[in-house]
Amino acid sequence: MISSLMMRLPALRTAVLATLLAAAGVLPFACTEKPAEADRLPILGIKLTEPSTPADTLPDPVPSFRLTNQDGQTITNQTFAGKVYVTDFFFASCPDICPKMQSEMLRVYKKFEGNPNVLFLSHTIDPAHDSIPVLRDYAQRLGVNDASRWHFATAPHDTVFALAKAYMAAAQIDKKAAGGYAHDGSFALVDSKRRVRGVYDGMVESQVDQLIHDLPILLKEEAENQQTAAK
């Protein structure tokens, strides 16, 4: 079942995103050209607002949010201030792609577990079932005992689905899908300015390897920006 769903993921993601964006009346995807410098990642995302000037072509940053994690703590954009983070969408009873996704995310987490500047954020798309105790148990079964490093978060559907669009992920209620939800396996890499700097298929090992490769590039850029700001 997983292999068949993997084959459908590109079509699913395109179809779901097209439906969500059309329903929301947002402007098309926008992204910057990949910089000439090999040590910079592109800026990706969606342009949700009308350009204020002809030069205003950058995608909008991830909008403000208010979520609750597996420890019952409120987390907002400020939780990730000065950090970079990796995010995805899942639900605890997912019978198909979530186990593979979370095992790949766990691989990234373990690689950067010793770096306090790298955080992780997983949003449940099934808030009715995925209560705080369920999320806590899910995290602990993965071996994640520090909620300050990897947040498993819940919020109402409208909040979560709006964030999915901002992170260039596909997620929606689908009673015909296994578990009642359809979503893709996207991992988004986000910088300290709330900009998406990479999107990776969490079902494909080579793309997760690319995420592991790209994270130090972004961390180097962040450190250079901090040094420049301090001068």
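**A loop residue, a central strand and the core**

I will start with Met-168, which sits in the loop between α4 and β6 (171-173). Helices here are DSSP runs of H or I with at least four residues, strands are runs of E with at least two, and both are numbered from the N terminus. This is a predicted model, in which local features need pLDDT of at least 70 and side-chain atom pairs count only at pLDDT 80 or more, while totals for chains, interfaces and linings use all residues. Residues are numbered from 1 along each chain as its sequence is written, and side-chain values use heavy atoms, with hydrogens and water left out.

Met-168 is not a glycine, yet its phi is positive, at about 65°. With a relative accessible area of 13%, Met-168 is buried. Buried means under 20% relative accessible area, exposed means over 50%, and partly exposed is in between, using a 1.4 Å probe and protein chains only. Arg-194 also has a positive phi, near 65°, and is a residue other than glycine. Arg-194 is in the loop between β8 and β9 (196-201), and its 28% relative accessibility makes it partly exposed.

Back to α4, residues 157-166, which contains Ala-164. Ala-164 is buried, at 0% relative accessibility. Leaving out residues up to four places away in sequence, Ala-164 touches Phe-89, Ala-169 and Ala-171; contact means heavy atoms within 4.5 Å. Its C-alpha is 8.9 Å from that of His-123, a residue 41 positions away along the chain.

How many of the residues of strand β3 (residues 84-90) are buried? Seven of the seven, so the strand is largely enclosed by the rest of the structure. In a regular strand, side chains alternate between the two faces of the sheet. Here Val-84, Val-86, Asp-88 and Phe-90 point one way, and Tyr-85, Thr-87 and Phe-89 the other.

Now the partners of β3. With β4 (residues 118-124) it pairs in the parallel sense, over seven bridges; two strands count as paired if DSSP finds at least two bridges between them. Phe-90 is opposite Thr-124 of β4. From β3 the chain passes through α2 to β4, and this β-α-β crossover is right-handed, meaning that, with the strands pointing away from the viewer, the path from the first strand over the helix to the second runs clockwise. β8 (residues 186-190) runs antiparallel to β3 and is joined to it by three bridges, with Tyr-85 opposite Val-190.

Last, the core. The largest nonpolar core has 61 residues, and those with the most contacts inside it include Phe-65, Tyr-85, Leu-121 and Trp-150. Helix α5 (residues 205-230) provides the largest share of this core, seven residues. Such a core is a set of buried Ala, Val, Leu, Ile, Met, Phe, Trp, Tyr and Cys residues joined through side-chain atoms within 4.5 Å. Setting aside neighbours within four places in sequence, the contacts of Trp-150 include Gln-102, Met-105, Leu-106 and Tyr-109, as well as Leu-121.
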